[in-house]
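Here is a short briefing on the structure shown below.

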Amino acid sequence: MIVLCCLLFLFLTVLPFWGGIRELIQKKDAAPLHIDMNYTKNPRYFAVSFRKILTAALPQHEPAAGLFSCTLSKPETVEIVETALINQGQTQAHVLFAKTSLVSGKQATFLKEIYVKERAIIGEGNQLRSLACDGDIRVLQGTSFTRWLDATGNIKVAPLCNLGLSATCTQQLSLAQHCRFKRLYGNPVTTAIPKKAVETPESSSLPFQEAAFTLPAKPATANQTRLQRDERLTFGSDAAVAGNQSHLGNIIALKTLFLGDGAIIHGDVKTHGSLKTGTQITITGNVFAEGDIHLGPEARIYGTVFSQGRVVCERGTIVGSSAGIKSIVAKKGIEFGAGIKVYGYVMTEGEGVVW
Amino acid sequence: MALVLMMKGYLLFTIGVVLVYSLRHFIFTLNRLFGPQRIYYHDLMDSDLKTVTVIIPMHNEEKVAGHILDQLLQADYDWNKLEIIPINDFSSDGTQEILDLYASRYPQIKPLHRAENLRGKPAALNDALQVAQGEVIVVFDADYLPPPGIICKIAVCFNDPEVGAVMGRVIPINTGSNTLTRLLDLERSGGYQVDQQARYNLGLIPQYGGTVGGFRKDVVVDLGSFNTQVLAEDTELTFRLLLHGWKVVYANQAECYEESPETWQMRSRQIKRWSRGHNRVFFNYLIPLLRSSCLSLREKTDGVLLLMTYCVPLLLLLGFADSVALFFCGEIQIFSGILFLLFMAAYTTFGNFAPFYQIGTACLLDGSRQRVLLLNLLLFLFFFNTWYISCGFMEAVVDSLTSRRVPWNKTERYRCSA
C-alpha cells in the first residue's frame, strides 16, 4: 500500500511535466527559429523571384510555342506563345509566357502568373493574378490584380484599377483616379492630373510643376529660429510654425503640429500627434508622426514620410527627388490627390487610394 | 509582535509587487495578441541612410571571429557608408591573427587591438568610439551571425530624429543542444517577441541590450560614452538616453542568431553578471528617472518596473522565507479564511503563471507548437535564476557601497572555428 502511494505520488508529480519531458526526448521542435540568411530588401522581390524561377524552369534556348509542364513553386503548365492576344471574356488558365507582347480584350481573366518579354496592354475589366513585363505595361480601366505587377519599363494605370499587393517598375509608375494599392515602387510614382485641371489656365502652371532639385537656402539672418540644445526644438503641446517662416533644425512635437502656408523646415519633423500643413510647405528632412500626416497642396518633402496613422497628400505634393530613393510608409492608409510625385517607395498596411 | 507585524507586512508587499509584475505581463501579452501593433521603420527605403560603424568586442574569440566577419562581409548596405571595427580586447588566443588576416583582405575591416588600460566591453567600446567614423554605431557580440539585411534594418530607424538607440531581436542558434538551451530559447522568445515588442507598441521603454542594436555615436560620446564601472553598460545607456530626451525603439524584424550558454555553470555566471550590472543601474538611476522631465508618467512607471526586474527574485526569495517563518509561527492567516484563500488562489493562478502566458504567446506568434510543452520545465529555470539573480543583487550592493572595480568575464563559445 505504501509502495502504491509512493508510485502514485511520483506519477502525479511527473505528470504535469510529461509533455515537456517527451518533447525534450523527441525534439520535434528543437530547431532554432528560422531567419532567412539570404534575404535582402527588394521592392521588386516577387517579380524578380518569379522571373528567375520561370526562366530556370523553361527550355534554355528559344522555347517553342505550346504547352510545357514544369515545376515552379509547384507543378504547373506553362503556355508559351510568340505574341499573346487574349480575346474579350477569355479565361487563361495556365501560366503564360509571351516572347514578345501581350494584348488582352475586355473582361479577360488570367488565373495564373504572366511573363511578357516586351510590352503588355491589359484591357478593361480584366482580372489578373500577377504580371511581370520586361517592357512597359498599360492597364486599362477597371482592371484588378490579386497579387502583383512589375515592369522593367513604365507602368501606366487607368482609373478604377486595383493593383493588388504590389505594383513596381524601374521607371515611371502613373496612377489615375480611384486606383487602389498597397505597395508601389517607381522612379517616380505619380498620380494623374485630371484633364479639367490641366485645361484650366489658373491651375496649369507652377503648382503642378516640380521645382528644380535645389534645396531651399538655410536662413542666415538674425530672425532664424534659435536652436535648442541638441539642435532639436521640442514642443510640449499643440504647436505651430507660422506661415512663411523658416526654421533651422529638427522639430519634435509631443502633440499636434501645424505648419503654416509656405513654412520651410530645414531638418526633420517628428510629432507624437498628427501633422497638418498648409500649402507649399517645404521640409528638407524626414517626417515622422505617431498620428496622421496631412500634407497640404504642393508640399515639398525631400526626405521620407512615415506615419503610424494615415498619410494624406493633397494635389501637387512631391516626396523625394530624382537624385535618390525616398519612401512614404503609413500603417493605416494612404490617400493621394492629383499631381503627386514620390521618388521611390510607397507602402501601407491599410489601403492606398488615389482620389 | 512587532516582528510578526513586519513579517506580515513584508509578505503582503511581496504579493503586491508580484501582482504588479503579473499585471504588466498580462498587459503585454494581451497587447501582443489583440492590441494595435506599431510598425517599425524597416519598410522605409532611403538612399541616404547614415554612415555606420559595426563594432564587435572580442576577447579570445578565435572560435567565432571568422564566422561573424564572414556574415558581415555579405551585408546589404552601401559599402561606402560602412566600416567594421572588431576589437581584439586583451586576447591571448588566435583572435589577433584572425582579425589581421581579414583586415589584409578587406579594407572595410579595421581591427582595434587593445592590450593596455581597462579590459572589458565598456572600455573597449569607448576606445572604438574614438576611431569610429560612422554616425551610427551597431554592436554585435562575437558569437552572433548577422543576416545581410540587418544593418539596414537597424540603421534606418535613425532617420527618426528622436531615436537614440535601437534593439533588435536575439534568437538562439544552439536551441537543440540540451535542456538548458531549450529553456533559454523560450525565455528569449518571451522577452523579445512579446515583452520588448509590447513595450514598443505601448510607447514604453524597450531596452537597448548591448548587441544586435545600435545608437547614435555623437549622442553617446556627448553623454560621456560608456561607464566602465558598470557591467550592464547597455541598460545604463538606455536610461541615460531616456533621461536626455532620446527614445529607444525595438526592431522585432531585425533578427540575429546568438549562442546561448550550454552549461548551467556558464548560465549562472551570465545571469549573475546581468543582475549585478542591472542592479547597479537601478541604484544609480531610480531617483533621476522619477525626477526626469523628459518622460511621461507611463514611461516612468515602466522604467521603474524595468529597473527593478533583477531585484524582484530576491524579494520573492525573502518573501518565501518570510511565509515559511510565519507558518511555523502560526501567523500565516493574515486575513479571514475565505478571503485570504481566494487571494492566494488568484495570486498563484495568475501571478506565478503570468510570465508563462507571455512565453506561450511568443511561441504562438513564432509559429512554434511543440516547444510550448516545455513551459512547465521553466519552473526549474525560475528557481535557478532566482538564486543567482539574488547573488548578483548582493554583489551589486557591495559594488555600490565600496565602489570596487568589477571584473568582466566572457561567455564560453561552443562553435567550431571557421
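**Secondary structure and overall form**

Chain B contains 14 helices and seven strands. Chain A has four helices and 34 strands. The model is a predicted one, and the points below are grouped by topic.

Dimensions of chain B
- The C-alpha trace of chain B extends over about 75 × 45 × 45 Å along its principal axes.

Burial
- In chain B, 59% of the 418 residues are buried.
- In chain A, 49% of the 355 residues count as buried.

Contacts along the sequence
- For chain B, take the contacts between residues at least 6 apart in sequence: 85% of them join residues at least 24 apart.
- For chain A, the share of contacts between residues at least 6 apart that join residues at least 24 apart is 20%.

Accessible surface
- Chain B exposes about 16,500 Å², and 61% of that area is supplied by carbon and sulfur atoms.
- Chain A has an accessible surface of about 16,800 Å², with 55% belonging to carbon and sulfur atoms.

Charge in chain B
- Chain B carries 37 positive and 40 negative side chains.

Technical notes:
Residues are numbered from 1 along each chain as its sequence is written. Chains are lettered from A and ligands numbered from 1 in the order in which they are written. This is a predicted model: local features need pLDDT of at least 70, side-chain atom pairs count only at pLDDT 80 or more; totals for chains, interfaces and linings use all residues. Side-chain values use heavy atoms; hydrogens and water are left out. Helices (H or I, at least four residues) and strands (E, at least two) are DSSP runs, numbered from the N terminus. Buried means under 20% relative accessible area, exposed over 50%, partly exposed in between (1.4 Å probe, protein chains only). Contact means heavy atoms within 4.5 Å. Accessible areas come from the Shrake-Rupley method with a 1.4 Å probe; for residues, only the protein chains shown count as cover. Lys and Arg count as positive and Asp and Glu as negative; His and the chain ends are not counted. The place of a charge is taken as NZ of Lys, CZ of Arg, CG of Asp or CD of Glu.
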